[in-house]
Amino acid sequence: MIKTAIQRRRCVRATYNRGEVVLAPYMLYKRHDELHLAAALVTRDGEAPKLAKVGVYRLSGLAGLEPTSKMFTPKSGLMDEYKHPADEIVASALIR
C-alpha cells in the first residue's frame with residue numbers, strides 16, 4: 001500500500017505518537033533490516049507545520065496507515081540529507 005502511495009504521489013494518514021498525521025511519502029527504504037519512511041509532514045492533528053521538512057518514520061511506528069486522495073509534488077532538495085549509501089531504496093517519489 002505504501003509503495004503504491006509513493007509511486008502515485010498520494011499522501012497517507014496514520015497515527016504517530018498518539019496523534020493523527022498526514023504525510024507526503026517521499027521514500028521507503030530499508031536500513032538495518034527495518035523499513036523507514038522519509039516523508040514531509042502535511043498536517044499533525046489537523047494543523048500544518050510551521051516549517052516544511054522531511055522526517056524519518058520507522059514504518060512499524062505508524063499505526064493505521066492508509067492512503068488519502070490528496071496528491072503531493074516532491075520538493076527538490078528536501079531529501080538531500082537522507083541519502084545514505086547503505087540504504088536499500090524500496091520505493092521513491094523522486095525517481096521516475
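Q: Is K30 buried, partly exposed or exposed, and why?
A: This is a predicted model, so keep that in mind throughout. K30 counts as partly exposed because its relative accessibility is 32%, and the partly exposed class runs between under 20% for buried and over 50% for exposed.

Q: OK, and where is K30 found?
A: K30 is found in strand β2.

Q: What does K30 touch, leaving out residues up to four places away in sequence?
A: K30 touches L35, A86, D87, E88 and V90 on that count.

Q: Let's switch to S60. Where is that one found?
A: S60 is in the loop between β4 and β5, and β5 covers 63–71.

Q: Buried or exposed, and why?
A: S60 counts as exposed, because its relative accessibility is 64% and the cut-off for exposed is over 50%.

Q: How many Å separate the C-alpha atoms of S60 and E34?
A: The separation is 8.5 Å, C-alpha to C-alpha, for S60 and E34, which are 26 residues apart along the chain.

Q: I'm curious about backbone angles too. Which phi does R9 have?
A: R9 has a positive phi of about 55°, although R9 is not a glycine. R9 has its place in the loop between α1 and β1. R9 counts as buried, because its relative accessibility is 19% and buried means under 20%.

Q: And what about the phi of D45?
A: D45 also isn't a glycine, and its phi is positive, at about 50°. You'll find D45 in the loop between β3 and β4.

Q: Zooming out now: how many helices and strands are in the protein?
A: There is 1 helix, and there are 6 strands. Along the sequence the pattern reads α-β-β-β-β-β-β.

Q: What share of the residues is buried?
A: Buried residues make up 38% of the 96 residues in the protein. As for the surface, the protein exposes about 6100 Å², and carbon and sulfur atoms supply 47% of that area.

Q: What about the contacts with a separation of 6 or more: what share comes from residues 24 or more positions apart?
A: Those residues account for 57% of such contacts.

Q: Now the largest nonpolar core. How many residues does it have?
A: The largest nonpolar core has 24 residues, and I6, L23 and L37 have the most contacts inside it. The elements giving two or more residues to this core are α1 (2–8), β1 (10–16), β2 (19–31), β3 (34–44) and β4 (54–58). Of these, β2 gives the most, with 8 residues. As a general note, nonpolar side chains tend to be buried together in soluble globular proteins.

Q: What does L23 touch, again not counting residues up to four places away in sequence?
A: L23 touches C11, V12, L37, A39, A40, L41, V42, Y57 and L62.

Definitions and conventions: Residues are numbered from 1 along each chain as its sequence is written. This is a predicted model: local features need pLDDT of at least 70, side-chain atom pairs count only at pLDDT 80 or more; totals for chains, interfaces and linings use all residues. Side-chain values use heavy atoms; hydrogens and water are left out. A nonpolar core is a set of buried Ala, Val, Leu, Ile, Met, Phe, Trp, Tyr and Cys residues joined through side-chain atoms within 4.5 Å. Buried means under 20% relative accessible area, exposed over 50%, partly exposed in between (1.4 Å probe, protein chains only). Helices (H or I, at least four residues) and strands (E, at least two) are DSSP runs, numbered from the N terminus. Contact means heavy atoms within 4.5 Å. Accessible areas come from the Shrake-Rupley method with a 1.4 Å probe; for residues, only the protein chains shown count as cover.
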